Structures are given as C-alpha cells and as structure tokens.
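Subject: Structure handover

Hello,

Here is the structure I promised to pass on. Please open it first, then read the notes below.

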Amino acid sequence: MARFLRAEPWGSGPKRVTPAMIGIYAFLAITALFFAIPLYIMLVTSLKTTQEIRLGNIFAFPQDVTFSAWVKAWSSACTGLNCNGIHVGFFNSVKILIPSVATSITVGSLTGYALSYWRVRGAGILFGAMMIVAFVPYQVFIYPLVRIFSVLGINNSLFAIVVVHAIFGLPTMTLLFRNYFASLPPELFRAARVDGAGFFRIFWSIMLPMATPMLVVAVILQVTGIWNDFILGLVFAGRENVPMTVQLNNIVNSTQGERTYNVDMAATLLTALVPLVVYFASGRWFVRGIAAGAVRG
Amino acid sequence: MKTPCEVDLRGVEIGYGPVKVLEKLDLKVAESEFVVLLGPSGCGKSTLLNAIAGLIEIQAGQIWIGGRNVTWEEPNDRGIAMVFQSYALYPRMTARRNMSFALNVAGRPRAEIARRVEAVAQMLKITELLDRKPSELSGGQRQRVAIGRALVREVGVYLLDEPLSNLDAQLRVELRIEIKRLHQRLKATMIYVTHDQIEALTLADRIAVIKDRIIQQLGTPQEIYQRPANRFVASFVGSPSMNFVAGTLRFDPGGAIFTADDFKFPLAGYEFLTAPVDGADVELGVRPEHIEVAANGRELAIEMVEPMGSDLLAWSKLGGAPIALRFPGESRSTTGDRVAVTISPAKVSLFDRTSGRRL
C-alpha cells in the first residue's frame, strides 16, 4: 500500500528487463548449448546399441540403455591386434602424469621463486628468453630432442616423456609462480632473511604455503595439459608407455568392418573424464587462482 | 637479554648504478641509544636501515655493529632484528610460529623457544593472541606481534622501519608510548625510521634529519627543534610549521637588525653561528608559540583563526609574509582582532637565503 501512496521515488528503484540483459542471457545460453550438445550426443550414443545408432536419430534418447560399450571400451576394445581395451592407456597416462606434474611444478615454482626474490645475475634476460621460447611452437623441438635422447640412450622411455613434459611446462609454471611471488610484499622475504632463513627454508616454510592457490592452478593446468597431450606421448613415450590419447586414436581409427560408434564414444568419454573431473572439482579454486595471480592474493 | 651494541656507519654510500641515494654518511649510534632517522618520503632513510640490516648492498664504506665489521655479513649474522612498516608477518603461521620462526631456524631447543616466546608475549600483552593467524588480528595487534617477533631474538640492535605508519592516529600514539617504555625497560639500541616529526621528537635520544642524500642535522630533539641547522630542518620539524619572513640584515650602532618592509627586529641576544654580514639576504624563522602577547609590543591584525582544541592558531601577516601565532585554547581572539606581540631574539632562527644555512 505504502508504495502506491508515495508520489516520488523512494528506496531501491524498480527492476527493469533491459535489452542488454536479454542479449547477455541469449549469448550465454547459445554458448552453453554449443558446448553441451556434442557432449550430449556422445553420452547418448555411447549408451545405445549399434542397431539403434544405425537408425540415425543422433539426438534421440537410447531406447534401452546399455553400458556394454563402456565395458568394451575399457577392457576389450582393439588397437590393431591387441584387444585389451583403453585401460592400458589409462594407466600409462597416470604413470606419465604423476611424475610429470610433480616435476614441472616443483621446478617451475622454484625457478619462479628464485627469479622474483634472489637477484640472480642475468635473471631478466633468462626470464625473457624463457618467455620467447614459450611462444615457439613445440613441434620445432621434437626432432632435435629425439636426436638428443637417442644419443643419450633414453629415447622411447617413461623417463624421456617426463623430462619432455617438465621442460615444456617450465615456462608457463615459472611465469605463473614468478608473477605470484612478485605480487607478494617484498618485506616478507626480507623479514625471513633477517630471521636467518636460507633459500630453501624461505621457499618451503613461507613462500610455498602462501602459494597454495597457485599450486592448485598449476596442478589443473599441468594435469589437463599433460593428459590431453598426444604428439609428445606418441613420439617420446615408447610403445609400451603410449598414453591414453594415443591409444584412443588407435582404437577409433583402426576399426575393421563395422564401425562401433558407441565404443568410440565411450572410449573418448573415458579419456576426457580426468580433465573433466579436475575442472568440476576445482572450478572455484581455478577462478581464485587466476584472480590471485592478477591482483595481490 | 643480550647486551646492547653500538652501531657505527663509516662513510656509507648507497646507490643504484650512478644514482646515489646516500652519500658518505657517518653516523655513530651509542649503546642503548634511541636514534630516529627522520626525513620526507624517498629521502633514503629506509634504504639506510635496510643497508644496516644487510638487506641492501652498500657501494662504499663500512658498517660496524658491536665492534665487528659486518659490512659483508648476512642479515642474521649481524645481531640485529627488524620491524617492518607492513608488519611482514608470515600469513600462514600463527602469531606464536611467527615469533618462534627465527629461533626454529637457528635450531634452539624447544623448551627455550617456548620460554622466550612466552616471556615476550607477556611483556607485550599478546599472550592470548598467540594462536591466531595474522589475518585474525587487528592492525595494532599485528604490529605488536611483529615487535614481539623482533624482541624474541634478543639481539643487540633493533631496527624499526616506520612501524606505526600503517596504524590509525589513536593507536599510533598508544604504541608510540609503548615503544618508548619498551626502550626504557630493555635499554636496547634502537634505530627508528619515520617521516613523522612528532614520533621523532617524542621517541628519540637523538634525531638524524636526512634529505638530499645527506644527514642535514644530527642532534637531540631539543637541538633540532630549537636550533635547526638549516631552513629545511626548521620547516620540516614542528607542527604547525615555523614562520619564515624574508628580509635583509642591517647593521646599526646598537647591533644587527633584521628588516623586512616596515618590520624592524633588533637581534640583540641572538647567538650568531658565523659573523653576520651587513646587507645579507636572510630569512627570519619564528615558531608560532614564540610570538608572545605583550602590552607594549607590535600590533598585528588577525585574519583567520583555527581552533585546535588545546591551542588556537591565529593567522596574520608580518613583514609581508603570512605567519601563524599560537594562543591557548581558551583564547577568545577572533578574525579582525588586533593583538600586540613581542618576539624574543634568543628564540628565533636566522637563515642565509641562498644556502639555507643557519647564521
């Protein structure tokens, strides 16, 4: 009642739907659909039988849901003559992932810390060089690296692929941590020096605990990056360590006779599962980490 | 408690490449002395403190602490502790861990660490804050913990880099008194950097006023306030600031006279540092509280008043320059009043107008 009795504006104004808002929501909805529809088709197809897929209704929901394609993809899909399923590649990828992520983050955070706090001679030039190299397409390095590794006798091994991932992750990791440490008040570092802490003590006891959001971001970036890698795994890992992505490619491309789309879709979804889980589980941290890198944490 | 050390800076020069921040600086701080480095922001006073701490390399000269040449020593080998403006508490550690960090690094036995932290916490009344993280503390509490972190180390020299600048006015006064009390109790050598002249005057045994790469004046608060060595020191120390009237020096049979327009001021009783020159361009400096009301004095018209509670600041003109007078807070003077005032020549300062030096 009181609202109608007042002639002049009072309190918070009426909310209006503006064209700009409609536009924004329309854009967001279309973008969401653009990414969601392929995912939906894959999921639905993976749950169908081959007969049903042949009908061609790709948007239709499966008439009788079956997980046989998932089971087949995991445990008995064929790559060439081996029919062990994609789980071989999954565990290969895990074997590559864990040491690669650990190494690249350890080395990257240490380098970033050293570059931002300890006046290393030529630190600026070093950092600049690293950044320039980060923008060079890494395919350029593949052949020389293969030659170097084969001379050293470590080509086609788990060790080689871990080293390669650590090297290629280094510029991004260093940049990430250097910028984060540079945004912290320098007095913290000075206080620690006056307190008698040395290089590793300051890093371990003071800087690393403060860099938790950056560590989470680094883990996300490296896990998705290394998991999704194809070419490096193909070239450096060797035949017994082929990562999941390479095996997925082999499964999808080497089918003889009838094409089992449901198995292909299931295998693809299984491969994509790890990055998806990482994103869903850490979305909040991811945003926080990006923001923490931009402004003071 | 470790015995206090003396600090001796011998010809210290600090700079970045060709840019000099400080030039040939000599400063001797006695045992148990409280020395304040005072200067405007960017004058290099914090840089000097960082150099004493060993956090910045010096380009020339020596730093001696407790009779040891520590010029090339690491910060923790110098026997110093430091308190920073931004507190610089380790954010992921509790107050207790912050305070014990240095002792942990040094590998002291646990019982000793606990005892020393407890003793300092009690002295600073922060015992109940010990298990909180810095983010759960207020500004004043954080600075207390930061001071505690320095005290726990029991060193010969404490360096304080604008420790009160990030606090609000009331807290600043409180902690200022506490720091003074602490110094009296510990009798430790303290070097304290600030740009706040009140802090300098209240805390210091001696003040070093720094500007333009050098120490402009080194002396007790009284000397700095009453007999500033140059015009910069005179204008920088004191609030409200000293009044300056530009004029010339004339010689009369009766003695030297300062003249500006119609204002003639005989200087009988002023202690000249150097022999005065007739006709020299000079500047007369008078503190607002040294312009005293007297029945037979010179008449001034009051143009504006600023009540400040305890005092009343009245603005007028003398010899063509605006001047401030300081009356007691109960004074009823208002705009348009005329008051008769006198100035004692013994309390004024005279500066050379080109060099700014005290005459």
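In chain A, 7 residues of domain 1 are in contact with 8 residues of domain 2. Contact means that the C-beta atoms of two residues, placed from the backbone, lie within 7 Å. On the domain 1 side, the elements that give two or more residues are α2 (19-46) and α3 (50-54) of chain A. α2(A) gives the most, with 4 residues. That side of domain 1 of chain A divides into 3 nonpolar, 3 polar and 1 charged. Here Ala, Val, Leu, Ile, Met, Phe, Trp, Tyr, Cys and Pro count as nonpolar; Asp, Glu, Lys and Arg count as charged; the others, Gly among them, count as polar. Domain 1 of chain A covers 16-66 and domain 2 covers 87-294. These bounds come from an automatic or database domain assignment. The centres of the two domains of chain A, taken over C-alpha atoms, are 32 Å apart.

A word on how to read all this. This is a predicted model: local features need pLDDT of at least 70, side-chain atom pairs count only at pLDDT 80 or more, and totals for chains, interfaces and linings use all residues. Residues are numbered from 1 along each chain as its sequence is written, while chains are lettered from A and ligands numbered from 1 in the order in which they are written. Helices (H or I, at least four residues) and strands (E, at least two) are DSSP runs, numbered from the N terminus.

One residue in chain A to look at is A:Met207. A:Met207 sits in helix α10 (residues 199-210) of chain A. Is A:Met207 buried or exposed? A:Met207 is buried, because 25 other C-beta atoms lie within 10 Å. The cut-offs: buried takes 20 or more other C-beta atoms within 10 Å of the residue's own, exposed takes 12 or fewer, and partly exposed is in between, with C-beta atoms placed from the backbone. Leaving aside neighbours within four places in sequence, A:Met207 is in contact with A:Tyr113, A:Phe181 and A:Ile202. A:Phe189 is 18 residues from A:Met207 along the chain, and their C-alpha atoms are separated by 8.5 Å.

Next, the interface. 17 residues of chain B are in contact with 14 residues of chain A. On the chain B side, β6 (80-83) and α2 (95-105) are the elements that give two or more residues. The chain B side divides into 14 nonpolar, 2 polar and 1 charged.

Now chain B itself. Chain B has 8 helices and 20 strands. Its C-alpha trace spans about 75 × 45 × 35 Å along its principal axes. Of the 359 residues in chain B, 40% are buried. Take the contacts in chain B between residues at least 6 apart in sequence: 66% of them join residues at least 24 apart.

An open sheet in chain B has 6 strands, in the order β6-β7-β8-β3-β9-β10, with mixed pairing. Two strands pair if DSSP finds at least two bridges between them. The edge strands are β6 and β10 (214-219) of chain B, each pairing on one side only. The twist averages 20° from one strand to the next. Inside the sheet, β3 (residues 34-38) and β9 (residues 206-211) of chain B run parallel and are joined by 4 bridges. B:Leu37 has B:Ala208 in β9(B) as its bridge partner.

α4(B) lies across β6 and β7 (157-161) of chain B, at about 175° to β6(B). Axes are lines fitted to C-alpha atoms, for helices over the stretch in contact, and angles run from 0 to 180 degrees between N-to-C directions. B:Arg142 is in α4 (residues 139-152) of chain B. B:Arg142 is buried, with 23 other C-beta atoms within 10 Å. Beyond neighbours within four places in sequence, B:Arg142 is in contact with B:Tyr87, B:Leu89, B:Pro134 and B:Leu137.

Last, two hairpins. β11 (residues 243-252) and β12 (residues 255-260) of chain B run antiparallel, joined by 5 bridges. Their hairpin has 2 residues between the strands. B:Thr248 stands opposite B:Thr259 in β12(B). 4 bridges join β12(B) to β13 (residues 263-266) of chain B, also antiparallel. There, B:Phe258 stands opposite B:Phe265 in β13(B). In the hairpin of β12(B) and β13(B), B:Asp261 takes a positive phi near 50°.

Best wishes
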